[in-house]
Amino acid sequence: MKATIIEKAKKVIDSRRYQAENDAINNKIKAFEDPIFKTLYQGYTTAMIEASKEGKELSPFIKDMKKQYLARLKELGLPSIEPDFYCKKCNDTGFIDGKYCSCLIKEINNVLIAESGFDKLEDFKKVKFDIFENKDYMKKLYQKMQEWCHSNFDKNLIFIAGETGVGKTHLIKCMANELINLNHVVLLTSSFAMHQDFVKSYSTKDLEEKSYLLDRYLNSEILFIDDLGTELRNPTITLNYLYQVINERKMKRLPTIITSNLDLYDIKDYYDERISSRIIDKSSSICVYIKGKDLRLKKD
């Protein structure tokens with residue numbers, strides 16, 4: 001993952017921590033204007049320091065001192081003088097035991113979504129199946145895909161085909177949202193945008209840029225590719241790079257979800273047998289076809 005993506009997400013987390021800490025400092029300054037609170041708080045902190053030096057547990061007396069200064073703070077109508085962190089798990093550091101906290105993962109996903117060009121995600125709970133002419137089938141499909149999001153991804157490639165406007169993109173937006181809520185990092189891209197990166201990677205002489213342009217597709221935890229087959233196909237670039245992405249992710253068991261207007265027969269003709277064989281591999285793939293008319297042509 002490109003360092004700038006993490007940096008952007010980290011800035012959001014850092015700003016929360018700075019705000020919480022600054023608010024606590026300002027609250028403490030206001031509280032210290034009250035001599036009673038100041039005396040109680042300084043007495044408590046002095047007793048705490050002495051107990052710490054001697055390795056003693058907090059006595060009932062010290063605990064009572066804390067209750068007294070907190071009660072005085074309440075009487076003054078002031079909020080806590082301790083930072084009220086947004087994330088109570090990591091105290092807005094973004095890390096727990098050296099690993100990404102769920103709050104940082106969420107912000108990384110927010111950056112990735114913003115850069116993907118997808119306007120917003122969808123929610124499985126808010127799907128209105130009455131808009132589908134094959135609503136029973138769609139209910140089962142949405143349920144199956146939601147269950148997959150909670151699985152261990154034994155089937156690590158999902159291929160969703162169907163005509164334009166039958167709901168493929170809406171479905172993967174629901175899946176992406178569900179996975180983000182489960183603390184996974186997802187990358188959403190259109191086939192067109194991905195192909196542009198393939199062309200840039202093929203053309204650039206900058207090795208760092210070349211590596212990054214491919215790495216995000218090869219190593220993202222979960223990759224969504226929307227509208228495969230709509231890109232301006234270049235036989236030299238498209239076939240080799242697309243196969244590399246699909247094949248390597250298969251070998252690494254990294255989940256890949258693909259939507260396309262092309263069915264499996266068209267995929268074989270439009271690309272080649274290497275790519276189609278990796279997609280239809282029954283041992284590790286789920287392939288579905290959505291029938292129906294263009295939902296965008298229906299009136300409310």
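A pocket is here an open set of points on a 1 Å grid over the protein atoms alone, where a 1.4 Å probe fits, with protein on both sides within 12 Å along at least five of seven lines; lining residues have an atom within 4 Å of a point. The model is predicted, with local features requiring pLDDT of at least 70 and totals for linings using all residues. Residues are numbered from 1 along each chain as its sequence is written.

The lining includes Ser102, Lys106, Asn109, Leu121 and Asn183. Helices H4 (102–116) and H6 (168–181) each give two or more residues to this lining, and H4 contributes the largest share, six residues. Helices (H or I, at least four residues) and strands (E, at least two) are DSSP runs, numbered from the N terminus. By class, the lining comprises four nonpolar, six polar and one charged residues.

Five strands form an open sheet with parallel pairing, in the order E4-E5-E6-E3-E7; two strands pair if DSSP finds at least two bridges between them. Strands E4 (186–190) and E7 (285–290) are the edge strands, each pairing on one side only. Strand E3 (residues 157–162) pairs with E7 in the parallel sense over six bridges, and Ala161 stands opposite Tyr289 in E7.

Mean pLDDT (the predictor's confidence in each residue, from 0 to 100) is 90 for the protein chain, with 96% of its residues reaching 70 or more.

Key
This is a predicted model: local features need pLDDT of at least 70, side-chain atom pairs count only at pLDDT 80 or more; totals for chains, interfaces and linings use all residues. Side-chain values use heavy atoms; hydrogens and water are left out. Ala, Val, Leu, Ile, Met, Phe, Trp, Tyr, Cys and Pro count as nonpolar, Asp, Glu, Lys and Arg as charged, and the others, Gly among them, as polar.
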